[in-house]
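Dear colleague,

I am handing over the structure below for your records. My notes on the findings follow it.

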Amino acid sequence: MISKRVSEMLRLRVSYPLARKYDVRAAGTINLASNESPYGPSPRVLRALKREAARVGSYPDPRATELRRAIGSYIGVEIECVAIGNGSDELVDLACKAFLNPGERALIPLPTFAMYELACRVNGGVPKFFELSNLEWRVTELKRALEGTKLAFIGRPNNPTGNGMSLRDLRSLLASGRLIIVDEAYAEFADDSVAKLATKTGNLLVLRTFSKAFGLAGLRVGYAVGNPKLIEALEGIRAPFNVNRLAQAAAIAALRDKRYMRRVVGKVRRGRTYIRRELTKLDFRVLPSDANFLMVDVSPMGLDASEVFDFLAERKIFVRDLSNFRGAGSDYIRITVGTPRQNERLVKTIKQFKGGG
Ligand SMILES: Cc1ncc(COP(=O)(O)O)c(C=O)c1O
């Protein structure tokens, strides 16, 4: 019954590496594991959702014209350069469907977001993994690794490392002529984007989302920006109602309140600096990050990731143990930046750990 491709994926246990199970809704719990916004969406979004709720009896706009236009003006591009998806997750999948023939290879630097591998395999592609040496972007090696591939996924900033490749290096990859898919899920925190460049480049596709800086993770709205030819392919194969009515209304409202989003980004950046400074003082190795999370090497303290995870989880603070992230090893955790109070509790609890519990 099950296709050979999917049977093989099940055999290899290739599936999205979910965070370990816990009840994040339990009272007093702090969830710093999922890279969501600790502030949620703008109040304007909540009002728009209430208004739109009365209309859920009818289908959403299948072209999502108003939403795509709003995204276009946010990015500074034409509506023909914007495709929408049920989260950027769906666009990763659609991009593999649209641009990868069965048997063709996709370059996936490691460690990175697991959806690239999953979407590649489920669409009959073959991942070509490339381990980032020292968790850094080395473009010469990466360019060599591009040989024999059809496309590459580049997180910019990358999840979980938090760093992004320089524009110069990216241009050098683009010169290879391969399709480069740049995932900018965290671009607002980095204040750096190549989305506009994508519309003028034949082989660059940029993926963005409302899940992070805009705080709409539960509604599932993502988008791709690229030249109209690439976008036409994505728009042409997506299901007509992939982004539901509430999600479209919420994303439009979120874009009408960019001040709110910028305030959130400012607070998250300050929190990021605070956590990095405090954990560095405690001798953890904290990688620099342009995103809303930090990748932390716990090995300088003679610990492994699961020990730190367990200690924090027992105290109702949940971070991401990266042991089940391909290519990350067992030394790293990833911490999403929370509110100032959450960040302070995290640091205080880690200090207790260091002091012997
Ligand atoms: C790099 C990266 N891309 C995409 C996503 C998924 O975003 P969305 O919620 O839009 O599917 C995530 C979510 O964690 C991510 O880390």
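Which residues of H13 and H14 meet? The model is a predicted one, and in it Glu 307, Val 308, Phe 311 and Leu 312 are the residues on the H13 side. On the H14 side, their partners are Leu 346, Thr 349, Ile 350, Gln 352 and Phe 353. Sorted by class, this contact of H13 with H14 comprises 6 nonpolar, 2 polar and 1 charged residues.

As to the geometry of the pair, helix H13 spans residues 305–314 and helix H14 spans residues 340–354. Their axes come within 10 Å and cross at roughly 115°. The crossing in which H13 passes H14 is right-handed.

I turn next to the ligand.

There are 13 residues around the ligand, and those that come nearest are Ser 88, Asp 183, Tyr 186, Thr 209 and Ser 211. For Asp 183, a polar side-chain atom is placed 2.6 Å from a nitrogen atom of the ligand. In the case of Tyr 186, an N or O atom of the side chain lies 2.6 Å from an oxygen atom of the ligand. Thr 209 likewise has a polar side-chain atom facing a ligand oxygen atom, at 2.5 Å. On its own, the ligand has 400 Å² of accessible area, of which the protein covers 93%.

The shell around the ligand is made up of 4 nonpolar, 5 polar and 4 charged residues. Helix H4 (residues 87–99) supplies the largest share of this shell, with 3 residues.

Most residues other than glycine have a negative phi, and most peptide bonds are trans. The following places depart from that pattern:

- Leu 110 and Pro 111 are joined by a cis peptide bond, with omega at about -5°. Pro 111 belongs to the loop between strand E3 (105–110) and helix H5 (115–122).
- Asn 159 and Pro 160 are also linked by a cis peptide bond, and here omega is near 15°. The loop that holds Pro 160 runs between strand E5 (151–155) and helix H7 (167–174).
- Asn 35, a residue other than glycine, has a positive phi, near 55°. Asn 35 is located in the loop between strand E1 (30–31) and helix H2 (43–53).

With kind regards

How values were computed. Residues are numbered from 1 along each chain as its sequence is written. This is a predicted model: local features need pLDDT of at least 70, side-chain atom pairs count only at pLDDT 80 or more; totals for chains, interfaces and linings use all residues. Side-chain values use heavy atoms; hydrogens and water are left out. A residue is near a molecule or strand if one of its heavy atoms lies within 4 Å of it. A polar contact is a pair of N or O atoms within 3.5 Å; within protein, one must be able to donate a hydrogen and the other to accept it, and residues adjacent in sequence count only if both atoms are side-chain atoms. Accessible areas come from the Shrake-Rupley method with a 1.4 Å probe; for residues, only the protein chains shown count as cover. Helices (H or I, at least four residues) and strands (E, at least two) are DSSP runs, numbered from the N terminus. Ala, Val, Leu, Ile, Met, Phe, Trp, Tyr, Cys and Pro count as nonpolar, Asp, Glu, Lys and Arg as charged, and the others, Gly among them, as polar. Axes are lines fitted to C-alpha atoms, for helices over the stretch in contact, and angles run from 0 to 180 degrees between N-to-C directions. A crossing is left-handed if the near helix is turned anticlockwise from the far one by less than a right angle, and right-handed if clockwise. Contact means heavy atoms within 4.5 Å.
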